[in-house]
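Trainee: Could you pick one part of this model and take me through it slowly? I'd like the cut-offs along the way.

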2 protein chains.
Amino acid sequence: MNAPQMTRNQALVFDVLEKAEGPLSAYTILDKLRDQGFRAPLQVYRALEKLLEYGVVHRLESINSFVACAHPGENCHSHGIVAFAICESCGQVMEFHDHEVDHRLMGWVRSQKFKPAKTTIEIRGTCEACAA
Amino acid sequence: MNAPQMTRNQALVFDVLEKAEGPLSAYTILDKLRDQGFRAPLQVYRALEKLLEYGVVHRLESINSFVACAHPGENCHSHGIVAFAICESCGQVMEFHDHEVDHRLMGWVRSQKFKPAKTTIEIRGTCEACAA
DNA sequence: TTGCACACGTTATAGCATAACGCAATTGAT
DNA sequence: ATCAATTGCGTTATGCTATAACGTGTGCAA
């Protein structure tokens with residue numbers, strides 16, 4: 001899925017996420033866009049749905065939040081499974097990829113004849129800076 | 001964390017989860033326990049919190065649901081990272097462990113001096129039976 | 001020009017989770 | 001035995017997350 005021209009709402013939501021320090025909830029995004037005319041959650045969720053499709057935004061299932069992809073310009077869907085390390089103290093997120101992990105997971109899945117659609121890997125904990 | 005004697009509420013919630021075909025949401029559990037006197041979500045959430053601690057129940061972050069551990073009698077906390085394959089069609093969940101995946105993930109985490117607390121691996125897709 | 005696809009706006013509602021209060025039972029140290 | 005601390009419990013209220021359902025406008029292709 002390549003990103004076609006974003007609509008105004010999509011661009012606004014993406015912009016907020018890109019400028020954010022860490023992941024944001026849909027409602028936090030909504031609040032940040034009230035001045036641009038946003039009134040309802042659906043405006044945010046609809047934009048997010050598209051941005052997820054385009055591969056420029058990720059959803060963090062374990063904290064019900066969204067974050068801009070760490071690879072500006074690229075399409076994250078082409079990097080295999082994306083993994084996240086989420087600092088529960090400062091909220092910062094690190095995004096990484098590991099082909100061996102992909103390989104093991106997909107090997108197991110294959111052995112079970114399970115057809116994977118979407119895979120989530122999220123490590124919650126404390127980042128180096130916060131551990132001090 | 002070993003499971004001490006369960007309280008009545010904990011036992012009721014665990015029993016519902018064990019007898020269920022697949023994962024259940026907290027509110028579904030609540031509904032199934034109305035006859036035993038449950039009235040409020042907190043009764044369920046408090047029991048679940050303990051059951052998660054004891055390692056006899058898992059939380060599926062990507063579908064806001066809970067499932068009994070697939071290893072009756074054992075403590076799942078001792079198996080390393082637990083991974084789940086969740087069929088979006090029939091709702092069935094397969095639980096598995098892969099030490100190589102653990103190793104790769106923990107290796108990356110270590111290289112970043114990130115202190116992991118809780119790791120989520122969930123593969124959503126279609127199981128063999130449903131793929132037909 | 002008509003029909004379709006898509007984005008959008010709005011209102012309402014559904015679904016998930018916890019805060020805050022007070023009470024009762026248990027435990028364990030003195 | 002008694003007191004204090006801890007833990008579980010019940011209840012009410014509330015907050016956060018997400019989607020259903022309806023209608024409008026716009027652009028584009030047949």
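**A helix crossing, close up**

Mentor: Let's start in chain A, where the axes of helix α1 (residues 8–19) and helix α3 (residues 41–54) come within 9 Å and cross at roughly 80 degrees. Axes here are lines fitted to C-alpha atoms, for helices over the stretch in contact, with angles from 0 to 180 degrees between N-to-C directions. Helices (H or I, at least four residues) and strands (E, at least two) are DSSP runs, numbered from the N terminus. α1(A) and α3(A) therefore count as roughly perpendicular (65 to 115 degrees; under 35 is roughly parallel, over 145 roughly antiparallel, the rest oblique). On the α1(A) side, the contact (heavy atoms within 4.5 Å) involves A:Asn9, A:Gln10, A:Val13, A:Phe14 and A:Leu17. Across from them, α3(A) brings in A:Gln43, A:Val44, A:Ala47, A:Leu48, A:Lys50, A:Leu51 and A:Tyr54.

Some housekeeping: this is a predicted model, with local features needing pLDDT of at least 70 and side-chain atom pairs pLDDT 80 or more, while totals for chains, interfaces and linings use all residues. Residues count from 1 along each chain as written, chains are lettered from A and ligands numbered from 1 in the order written, and side-chain values use heavy atoms, leaving out hydrogens and water.

Now chain B. Its α1(B) and α3(B) pack at about 80 degrees with axes 9 Å apart, so they too are roughly perpendicular. In α1(B), B:Asn9, B:Gln10, B:Val13, B:Phe14 and B:Leu17 take part, meeting α3(B) residues that include B:Val44, B:Leu48 and B:Tyr54.

Stay on α3(B) for a moment. Its 14 residues should span 20 Å at 1.5 Å a residue, and the end C-alpha atoms sit 20 Å apart, which agrees; the expected span is 1.5 Å times one less than the number of residues. B:Val44, B:Ala47, B:Leu48, B:Leu51 and B:Tyr54 are buried (under 20% relative accessible area; exposed is over 50%, partly exposed in between, 1.4 Å probe, protein chains only). Seen down the α3(B) axis, those buried residues fall within an arc of 115 degrees, so they line one face of the helix; the arc is taken over directions from the helix axis to the C-beta atoms. That buried set packs against α1 (8–19), α2 (26–32), β1 (57–60) and β2 (65–68) of chain B. Just past the end of α3(B), B:Gly55 takes a positive phi of about 80 degrees.

Between β1 and β2 of chain B there's a loop, and B:Asn64 lies in it. Phi of B:Asn64 is near 45 degrees, positive although the residue isn't glycine. With 43% relative accessibility, B:Asn64 is partly exposed. Over in chain A, A:Asn64 also has a positive phi, about 45 degrees, and is partly exposed at 44%.

How do the copies relate?

Zooming out, chain A has five helices and five strands, in the order α-α-α-β-β-β-β-α-β-α. Of its 132 residues, 44% count as buried.
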